[in-house]
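Please walk through the model below with attention to its ring contacts, its sheets and helices, and a few backbone details.

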Amino acid sequence: MNIAWLARGNWLLGVTIVSTLVYLGSPTEIRGGQKPLIVSAIVSADHPVNQCVPLRALGAGVDGHEKGECARMFTDKNIAEMRSAGFGPLTYRLRTELAGEVWHWNPRGTWSDPVHQCGYWTSDDSLGEPIKVSYGYLLPRRGNTIDQANDDGYSRIADGDGESFWKSNPYLDSHFTSEPEDTHPQWVVIDLGTRKPVNVIRIHWGALYAKQFKVEYWPGDDPMHLHPDDDDDWQPFGHGNINDAHGGEELIRLTERRRSVRFARIMMSHGSQTSAPPSNDIRDRLGFEIREIELGNIDKHNHFRDHIRHARDRHRQTIIYVSSTDPWHRAEDIDLSIEQPGLDFILQGKLSNNLPVLVPVGVLYDTPENAAAQINYLLRRNYNLEGVELGEEPDGQWCSPEDYAALYSGVARRIAALNPQLKLGGPSLQSFEDQLLTWADASGNRSWMNRFLKFIRGAGARFDFFSFEFYPFDNICAEAAPQLLEVPKRLSAMLTSLRADGVSSDVPWLMTEYGYSVFSGRHEVDIEGALFNADTVGAFLTLGGSKPYLYGYEPNYLQDELKCSWGNLMMLQLNPKSDQVNRLSAYYAAHLITKEWMQPTNETHEIFPVTIEKKAMLSPVVTLYAVRRPDKQWALLAINKHPNRAARLDVQFKIPGAKEGVSFVGQVEVIQFSRAQYGWHDDGPNGHPIRSIPPARFTREASSFYDLPAYSLTVLRGNVPDS
């Protein structure tokens, strides 16, 4: 696969894809054949496709965890083990944003209603005692049934409680955006689970109701998870348009005849601004409130059958999705089950390596005031900041690109006013396939990223870097070998799609999280995890990426999320009975990349593309990534992803001025990690490595062939004659 791109500075508008492709063979050959795969690769040594400084490019991230785990994870001994993997820069991940919570990044602060200890919170930006740990706060006006963290909350729209209600985010009102009132309509989507007969809806409005709204249905499969071949759009019910509503309890006959519907949507505009009880805070008068919704059909005897399940339980209530949620909350809403490591604890500690740290601010479930106070606090502490990532995974939380862009712009303006030199960016997109899509706008544009970029350009907001996450395999229960073959192709397709949607290569691209899967399973702790991580880093850098950040830097425990195997995204395993940690395969992969493939220096490395001779080929079983180091040595990172078949690598370098390819000369250093060094004992929650030793290292004379064991990482390092 070839894509023509242009180089710009250290950034790539494109490259030739760098995976070495070989014929995988038939299933019979794979299971029973003993002959090694023959791989002939050519390194195009005449033009680098990217550059990087390893100590500033190869990073890792820290995140929130269950209560008490930060103290267990971040001991001095464990931090020393983490740092020994060789990573440089650090990114701080924000779990509260995924959980639909407000982040009290500083436990000291003020409420908008201090008498009742509730309202909108702003943490204190004055300097006091260092912050060691912080917490999120649940939103009592939550609208989504599902969240992206522990997924243990529920929607107030379908909880069966007439006193509770969902409220949309007031910061999307024209009062804050200075846009026309109908620029950011808010919506509620109801998923009945299966198609059911529908002809009526009853909406129980709160104090803030929509003067205008419409009720629609989705004719296709799933509007919340779109694919490129989906061309469906929301369709109106016959009588679903309401232009002069008055709030209270509204019963609307949607159609004369019942329609078979699974997904229905209420699209709201022009808020009533009628808050109750009276409040001096303008935010209490902006947005929309819904207490409960009933959706079903009225039969010929005038009996209403409601298809919505009402329960204060995520698993028992009908699934509800909403466009946004009000960050209003109370002191009693603190979520003590999850904690974020304190900003001071992380930024003052050794984990930062005295390098700039990429920090987040809450956007989707927080206030611009709280975000600005956080950055002001960090600036007062004189912390070295790589940049500020605004929000986390807005696409995965069903936020429209225009709504996220409006919230992003509001926060960005406040932060830029504090320090114009700070780099601002995001959106930390969650992993996706093919193209990141949303519902079509008036012009038919369904590209989430294209519409976000168009909005912030129009708003004049800063966008200094682009960030995304890469977790390609949701099916952690499936066999790993076929999935590993897809890594470079999937990552390349993802980046190509984003460039086509308008993400510029003039700004750095940060892969702020990468891992095998968002779910926990054995592949992440067995040798497959090492192969995935190395392949991802090599492909990303060769495709023009700036900084990849490993997710799973902290020592952790095994989990079995999908009830098929125990594992976790981690490179170090905590032992429940001692303070010793086990080094897992991901640790050795990191060490091999940061200290063997590349030099652990602040000097520039050049990255070169690799191709293969045109032979019969089906799947990329062996991938190869090439760098020229500051010590003038060439280093090749070779990954054999065949589970039980060795490969024999023939590699040539295409040197400027040379008529033919040249090979390594003199001594070649070989560093190799395979099942000979690592083995996993699968024992449920007690699983652990039965073999965990550093990669093998030996020196050999340069040769035509280099052997790559099955399921292995190999670094070949040596000299190549100049032209």
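A residue is called buried here when its relative accessible area is under 20%, and exposed when that area is over 50%. What is shown is a predicted model, and the values that follow should be read with that in mind. W218, at 2% relative accessibility, therefore counts as buried, and W234 counts as buried as well, because its relative accessibility is 6%.

W218 and W234 form one of them, with 5.1 Å from centre to centre and 65 degrees between the planes; since planes over 60 degrees apart count as edge-to-face, the pair is edge-to-face. Both residues are placed in the loop between β15 (210-217) and β16 (235-242), and the pair links parts of the chain that are 16 residues apart.

F608 and W634 are both buried.

Aromatic residues also gather in a cluster made up of Y404, Y408, W448, F452 and F463. Tryptophan rings take part in contacts with arginine too: R141 lies over the face of W328, at 4.0 Å from the ring centre, while R499 lies over the face of W509, at 4.5 Å from the ring centre.

Turning to the sheets, an open sheet of four strands runs in the order β33-β3-β36-β41, with mixed pairing. Its edges are β33 (610-612) and β41 (706-708), each of which has a single partner strand, so that one side of each is left without a neighbour in the sheet. From one strand to the next the twist averages 35 degrees. Within this sheet, β3 (residues 37-44) and β33 pair in the antiparallel sense over three bridges, and I42 stands opposite T611 in β33.

An open sheet of four strands is also found in the order β6-β23-β11-β8, here with antiparallel pairing. At its edges stand β6 (65-66) and β8 (102-104), and because each has a single partner strand, one side of each lacks a neighbour in the sheet. Strand β11 (residues 133-137) runs antiparallel to strand β23 (residues 334-341), to which five bridges join it, and S134 stands opposite Q340 in β23.

How are two packed helices described? By the angle between their axes and the distance between the axes. Helix α12 (residues 487-500) and helix α13 (residues 527-542) pack at an angle of about 40 degrees, with their axes 9 Å apart, which means that α12 is oblique to α13. The crossing in which α12 passes α13 is right-handed.

Some backbone details remain. A cis peptide bond, with omega about 0 degrees, joins G426 and P427, and P427 is found in strand β26 (residues 424-429). N354, a residue other than glycine, has a positive phi near 60 degrees; N354 is placed in the loop between α7 (343-347) and β24 (357-361), and its relative accessible area of 75% makes N354 exposed. K632, likewise not a glycine, has a positive phi of about 75 degrees. The loop that holds K632 lies between β34 (622-628) and β35, and K632 is exposed because its relative accessible area is 56%.

How values were computed:
Residues numbered from 1 in each chain as written. Predicted model: local features only at pLDDT ≥ 70, side-chain atom pairs only at ≥ 80, totals over all residues. Heavy atoms only, no water. Phe/Tyr/Trp six-rings, centres within 6.5 Å; stacked < 30°, edge-to-face > 60°. Helix = DSSP H or I, 4+ residues; strand = E, 2+ residues; numbered from the N terminus. Buried < 20%, exposed > 50% of the residue type's maximum accessible area, 1.4 Å probe, protein only. Lys NZ or Arg CZ within 6 Å of the ring centre and 35° of its normal. Pairing = 2+ DSSP bridges. Axes fitted to C-alpha atoms, helices over the stretch in contact; angles between N-to-C directions. Parallel < 35°, antiparallel > 145°, perpendicular 65-115°, else oblique. Left-handed = near helix turned anticlockwise from the far one by under 90°.
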